[in-house]
Amino acid sequence: MPRLRLPLAAGRAAAIVFTTRADGDLAIHGEHDVLAARRAAIVDAPWTWLRQVHGGRVVEVCAPGEHAGVEADAAITTQPGVVLAAHAADCALVALITDDGVLGVVHAGWRGIVEGVITAAVEQVRARSDAPVRAVLGPCIRPAHYEFGADDLARVAAVVGDAARARTADGSPALDLPASVRAALGSAGVDDVNDLGLDTAHADFFSHRLRGDTGRHALVAWIEPAGGAS
């Protein structure tokens with residue numbers, strides 16, 4: 001699984017994990033014991049997972065497991081040891097980090113971008129930090145395989161501009177989801193974006209659009225306490 005460890009101030013670090021199909025299906029409706037074991041294999045602590053609705057709501061999590069199952073598409077925390085998770089099978093998964101220890105996770109499909117979830121999450125991070133915000137963009141569907149209707153494409157372009165517009169591998173109109181995410185982040189003042197280039201068209205990930213997968217991979221992130229991992 002792609003795993004990053006980003007040093008923060010005061011001897012802390014942010015752990016950011018993007019799971020793959022090899023880590024198992026992490027869809028929130030999975031069988032409880034199986035899902036619990038898969039989560040524990042990634043990080044053995046209570047997870048705050050979200051009941052994602054393609055909206056713009058952001059929740060703040062102050063204690064391990066708080067707000068688990070709430071309807072939202074982004075979560076933030078300032079507390080070490082709080083594990084945040086977002087899930088997808090084509091939508092973009094984005095981590096937000098500041099050096100002084102604010103962390104966020106965002107589930108951003110095209111509807112979420114239209115609803116302003118990226119801007120809302122960045123604003124919530126900035127409300128708790130004066131430090132620059134960095135972003136990491138994980139797996140999502142890339143434009144070569146994301147044919148898109150003209151009306152919906154226009155809705156996204158109205159929010160992020162022509163960065164949304166692209167072509168599929170066979171020349172059909174497409175949504176460039178990662179470019180749309182980067183444009184939304186840029187509009188929110190986040191220019192430090194590490195796009196890992198991970199494509200859900202690859203069999204390492206789940207893809208609802210390409211393969212009809214019902215499974216989900218996840219972005220899992222937490223702040224490690226000073227002096228060691230949580």
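Let's start with Val59, which stands opposite Ala75 of strand β7. Those two residues belong to a pairing of strand β5 (residues 58–60) with β7, parallel in sense and held over three bridges. By strands and helices I mean DSSP runs numbered from the N terminus, with at least two residues of E for a strand and at least four of H or I for a helix. Two strands count as paired if DSSP finds at least two bridges between them.

Before going on, a word on what we are looking at. This is a predicted model, where local features need pLDDT of at least 70 and side-chain atom pairs count only at pLDDT 80 or more, while totals for chains, interfaces and linings use all residues. Residues are numbered from 1 along each chain as its sequence is written, and side-chain values use heavy atoms, with hydrogens and water left out.

Back to β7. Strand β7 also pairs with strand β10 (residues 103–108), this time antiparallel, over four bridges. There, Ile76 stands opposite Gly104 of β10. As a reminder, strands of a sheet pair through backbone hydrogen bonds, either parallel or antiparallel.

Which way do the residues of β7 point? Ala74 and Ile76 point one way from the strand (residues 74–77), Ala75 and Thr77 point the other way, and all are buried. Buried here means under 20% relative accessible area, exposed means over 50%, and partly exposed lies in between, using a 1.4 Å probe and protein chains only.

Now to an open sheet of five strands. Its order is β1-β2-β15-β8-β3, and the pairing is mixed. The edge strands are β1 (3–7) and β3 (47–48), each pairing on one side only. β3 runs parallel to strand β8 (residues 83–88), and two bridges join them.

You'll find Ala68 in the loop between β5 and β6 (70–71). Not counting residues up to four places away in sequence, Ala68 touches Trp47, Thr48 and Trp49, where contact means heavy atoms within 4.5 Å. Ala68 counts as partly exposed because its relative accessible area is 37%.

Next, the largest pocket. How much space lies in it? About 550 Å³. A pocket, on a 1 Å grid over the protein atoms alone, is an open set of points where a 1.4 Å probe fits, with protein on both sides within 12 Å along at least five of seven lines; lining residues have an atom within 4 Å of a point. The volume is the space filled by probe spheres set on the points, and grid points are joined across faces, edges and corners.

Of the 26 residues that line this pocket, the closest to its centre are His54, Ala89, Cys91, His107 and Arg216. The elements giving two or more residues to the lining are β4 (50–51), β8, α2 (110–115) and α6. By type, the lining divides into eleven nonpolar, nine polar and six charged residues.

Is Asp213 buried or exposed? Asp213 counts as buried because its relative accessibility is 13%. A polar atom of the Asp213 side chain lies 2.8 Å from the backbone nitrogen of Ser207. Leaving aside neighbours within four places in sequence, the contacts of Asp213 are Arg21, Phe205, Phe206, Ser207 and His208.

Thr168 sits in another loop, between β12 (165–167) and β13 (173–175). With 11% relative accessibility, Thr168 is also buried. The side chains of Thr168 and Asp170 are joined by a polar contact of 2.4 Å. Such a contact is a pair of N or O atoms within 3.5 Å; within protein, one must be able to donate a hydrogen and the other to accept it, and residues adjacent in sequence count only if both atoms are side-chain atoms.

Last stop, helix α5 (residues 177–187). Eight of its eleven residues are buried, including Leu177, Val181 and Leu185. At the start of α5, a side-chain oxygen of Asp176 comes within 3.0 Å of the backbone nitrogen of Ala179. After the helix comes Gly189, with a positive phi near 90°.

Notes:
Ala, Val, Leu, Ile, Met, Phe, Trp, Tyr, Cys and Pro count as nonpolar, Asp, Glu, Lys and Arg as charged, and the others, Gly among them, as polar.
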